[in-house]
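Trainee: Please take one chain of this model and walk me through it closely. I would like to follow single residues first and then see how the chain sits among its partners.

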Amino acid sequence: MRYTLAEIAARIDGEVVGDDNLVVTGINSLEAATPDELSFAEEKFLGKAVSSKAGALLVPRKTDNLTQSLIICEQPFRAAGQIMMEIDKAAQIVDHRIDSAATIGDNVSLGNNLHIGPGAVICDNAVIGDNSRIYANTYIGKGVLVGSDCRLYPGVVIRENCSLGNRVIIHPNSVIGSDGFGFLQVGGCNVKIPQIGSVVIEDDVEIGALCTINRAALDKTIIGRGTKLDDHVHLGHGVKVGDEVIMCAQVGISGSVRIGNQVMLGPRAGTVNHITIGDRARLMAGTSAAKDLAGNQDYGGIPAVPAKQALRQIMAATHLPKDRGRLATLEKRVQDLEKMLHLAKK
Amino acid sequence: MRYTLAEIAARIDGEVVGDDNLVVTGINSLEAATPDELSFAEEKFLGKAVSSKAGALLVPRKTDNLTQSLIICEQPFRAAGQIMMEIDKAAQIVDHRIDSAATIGDNVSLGNNLHIGPGAVICDNAVIGDNSRIYANTYIGKGVLVGSDCRLYPGVVIRENCSLGNRVIIHPNSVIGSDGFGFLQVGGCNVKIPQIGSVVIEDDVEIGALCTINRAALDKTIIGRGTKLDDHVHLGHGVKVGDEVIMCAQVGISGSVRIGNQVMLGPRAGTVNHITIGDRARLMAGTSAAKDLAGNQDYGGIPAVPAKQALRQIMAATHLPKDRGRLATLEKRVQDLEKMLHLAKK
Amino acid sequence: MRYTLAEIAARIDGEVVGDDNLVVTGINSLEAATPDELSFAEEKFLGKAVSSKAGALLVPRKTDNLTQSLIICEQPFRAAGQIMMEIDKAAQIVDHRIDSAATIGDNVSLGNNLHIGPGAVICDNAVIGDNSRIYANTYIGKGVLVGSDCRLYPGVVIRENCSLGNRVIIHPNSVIGSDGFGFLQVGGCNVKIPQIGSVVIEDDVEIGALCTINRAALDKTIIGRGTKLDDHVHLGHGVKVGDEVIMCAQVGISGSVRIGNQVMLGPRAGTVNHITIGDRARLMAGTSAAKDLAGNQDYGGIPAVPAKQALRQIMAATHLPKDRGRLATLEKRVQDLEKMLHLAKK
């Protein structure tokens, strides 16, 4: 990247205060930015911005103590995001070619403009849409459908008959369509129930590294449009996730759970199986849901209760050791009163 | 799949009530089944079955309001499992061939009827039993023994000198025999203790996707016959797991733990190191064991206590904020009594 | 391995009591060692050592009831570690060669004495230092720097522009430099914030199997010198970890967290984002930090409190159900007293 401040201001609809012709070669955090880099500060970080070594700053307004060149814009964080997207786009230019060390099965349908890396294995009857990138050492099972503009990073495994929409991103070594965990108890032994369903991932879904999305026993496991999963997330068989859901790292969802739209699950949140979580419910870090949770509410605790109650319980628990002493003291005092009154009564 | 109801009834020892010659082409859940599919309902789901669009149903008895063709059988869920196994067997027919893009080391012993996928790497002195399938991009280290009828899904890594019994299934990207986590503190630095033991996995074990089974420092990490692990399970070095154990997703077992037979560990359950969990103990979701747990009992909580106690503690904790108020009120009332009595005594 | 006790004693500065010429062919645990193997026992395990079938024992002193040949040495566990290192070194002898089934990009700088396994993919402009081992099916992105004497086990993925110091070990299927989890809310949709920073891993770091170390949005995610991570550990974007930190299995650290030097995080410990954990803080298994934690202290609980307080709270919680009964009884007794006094007053 190599832009003058004037060029950047034009792109993000901002106004330069300082040197229009200053060239910046990147964007970085306030702490790490160097004089040839741009940084940014929302209103609450303007104080911290004073000591930044950045050559220029995206800020919501001019202040007297900022000595760097400035670009004034309404939403500095969003403007920074826009510039990061441009830098990213430039970095993402990839070879549109199918590597000779990839293995392509019979009757595979390949779109235009593909990148298929070395060691990638695409099994019979798979379909890959235009502009998708299948990086090195990925595995695309028989009959899998991959939409257009998808990115499957190295080591991703997608088992047979699963389908992905358009613009789906899956980070390295994640596993889609692995068997769900189902057994019949037969005479003290666990007999495997074949998992003959599949997984459907809708448009604009992003799945972190090292996630597992299990195929349904029958039917389908579904991840709705625009949903984003961080790393190490587990979805059991037959889970149905709505649209625009956020799941942070290490979340674990047991089989057949239904999750509404725009639900937010904090890190390490989890559920038991067969429950429903309503639209726009939000689970704090480490929350464990043990029954249905209504939507439009925040939850915390193990098992999950409304967040306010969870915080009150946590607060009350910190007083527990002291309160036990108060209880014992009180018992003694009441006993004394009882003795005394017994005397008084006589 | 393409069977008449009469053919299905014969296989599962059931009786058709309705159209013997109706052809079904698959099996699916009550909600998702279409008129050319079969579904199933245990007694408690007969009400729900009424609205299913399935063409035919496996049910324990005839009821007046079911209008679909029926196959009456004692255990509909088991009968469905049996049909799923047949469908799965048909789907599992694989190429028995060693792909030219696999790498086979020196002195490797290969059984009959193998599938070895592209990108698979089988190192020197490994032994692979008959009928096993080593899918694409797996890694089998030096001197590893793999039994017969095993399935190692894409991306599985098995490090040197580990051994697997017969009919072992390992799901994608799991890691067997990676170094245990052991260090010596030497002058403020952590010096690695080499992990020169190995891992033994007995017959009929199934290991989910993205699991880690660490090799012992010395000696062996062992998983007993018929044990099943869900995804993201971690076993530390030197863990000994009994037979027919069930571990749900995201379970973490620290080093040198011993787990008895037929133990059941719910999702996200964990242990500290060096403890023993008795036969048939059952840990609820999220339980964390901090000391030895006797067998034949259920546990819950962090740290683990008997399940009934855990549930009572959870219930009591929900009352904590209110109970603190009761305690404060009571202190005031007792103080009032004391004051009054003080007067009375005078 | 094949050594006489005299040879072993010379290496570890010990003294043989028994047969100098006895040959041992390995080292094993007290329980598993056979008569041709060596074992070891610290002072507290001397009683247990009596029944060991080991041919010889490393012990701190002679005792009357030990009938095996002995090597007396100050620190038996460390001496055993030293012997394990020698055995390991012998086992670690690897082919220094670049496999013909590896893919090497343009302008890659390769050091001397490398092992690059089949299916490894090294992208353009990467640099690999001397003596490093890049095992089968690993992926080294564009412009990645790998130091000397590193070991990257099968299936490791390192995305573009990350850098590794010397003697770094990364276990199978771990992912370095995957995108951090960052989105802008735009009209109910989650829009991806490109993650254009990178990851820096310093000298002597060891990373377990199936870990995810996310790249920073801007700037760098850093793991300091000598830090060791067990399996399934997650570091969010922009996390800065100090030197000689220990993180046990399944630890999850959210974005932008700062962790001091020599911090110890037990299994399944976690944090919310943007907090700081001071030098030498120690978090017990399952601890969840929700705010800054001062150094040089132990912590436990969800959310984290000082360990002593956490243990007191846990202990108090076990009495909760009983204490609720005591509280109710006390209320009744006080009510009785109040009634009585009311009468008395009259």
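Mentor: Let's start with a term: a residue is buried if 20 or more other C-beta atoms lie within 10 Å of its own, exposed if 12 or fewer, and partly exposed in between, with C-beta atoms placed from the backbone. Before we use it, remember that this is a predicted model, in which local features need pLDDT of at least 70 and side-chain atom pairs count only at pLDDT 80 or more, while totals for chains, interfaces and linings use all residues. Residues are numbered from 1 along each chain as its sequence is written, and chains are lettered from A and ligands numbered from 1 in the order in which they are written.

I'll take chain C as our part. C:Leu210 is buried, because 31 other C-beta atoms lie within 10 Å. Its location is the loop between β23 (206–207) and β24 (212–214) of chain C; helices (H or I, at least four residues) and strands (E, at least two) are DSSP runs numbered from the N terminus. The backbone of C:Leu210 deserves a look as well: its phi is positive, about 55°, although the residue is not a glycine.

C:Asn173 sits in the loop between β18 (169–170) and β19 of chain C, and it is buried, with 32 other C-beta atoms within 10 Å.

Another backbone feature to find is the cis peptide bond that joins C:Ile302 and C:Pro303, where omega is about 0°. C:Pro303 belongs to the loop between β37 (298–300) and β38 (305–306) of chain C. In chain B, a cis peptide bond joins B:Ile302 and B:Pro303, with omega about 0°, and B:Pro303 lies in the loop between β37 (298–300) and β38 (305–306) of that chain.

Now for a helix. α3(C) has 16 residues and reaches 22 Å from its first C-alpha to its last, close to the 22 Å expected at 1.5 Å a residue (the expected span is 1.5 Å times one less than the number of residues). Its buried residues are C:Pro76, C:Ala79, C:Ala80, C:Gly81, C:Ile83 and C:Met84. These residues pack against β20 (183–186) of chain B, together with α1 (5–12), β4 (38–40) and β5 (56–59) of chain C.

That brings us to the side facing chain B. Here 53 residues of chain C are in contact with 50 residues of chain B (two residues are in contact if their C-beta atoms, placed from the backbone, lie within 7 Å). On the chain C side, α3 (76–91), α4 (307–318) and α5 (320–345) each supply at least two residues. α5(C) gives the most, with 11 residues. By class, this side of chain C has 27 nonpolar, 15 polar and 11 charged residues (Ala, Val, Leu, Ile, Met, Phe, Trp, Tyr, Cys and Pro count as nonpolar, Asp, Glu, Lys and Arg as charged, and the others, Gly among them, as polar).

On to the side facing chain A. That contact takes 50 residues from chain C and 53 residues from chain A. β19 (175–178), β20 (183–186), β21 (189–192), α4 and α5 of chain C each supply at least two residues of the chain C side. The largest share, nine residues, comes from α5(C). The classes on this side are 25 nonpolar, 18 polar and seven charged residues.

To see α5(C) at work on one residue, pick C:Arg326, which is in that helix. C:Arg326 is partly exposed, with 15 other C-beta atoms within 10 Å. Leaving aside its neighbours within four places in sequence, C:Arg326 is in contact with A:Leu327 and A:Glu331.

Finally, step back to the chains as copies. A rotation of 120° with 0.0 Å of shift along its axis superposes chain C on chain A, with an RMSD of 0.1 Å (copies are superposed by least squares on the C-alpha atoms of residues with pLDDT of at least 70 in both). That is the relation of a three-fold axis. Chain C can also be laid on chain B by a turn of 120° and a shift of 0.0 Å along the axis, with an RMSD of 0.1 Å.
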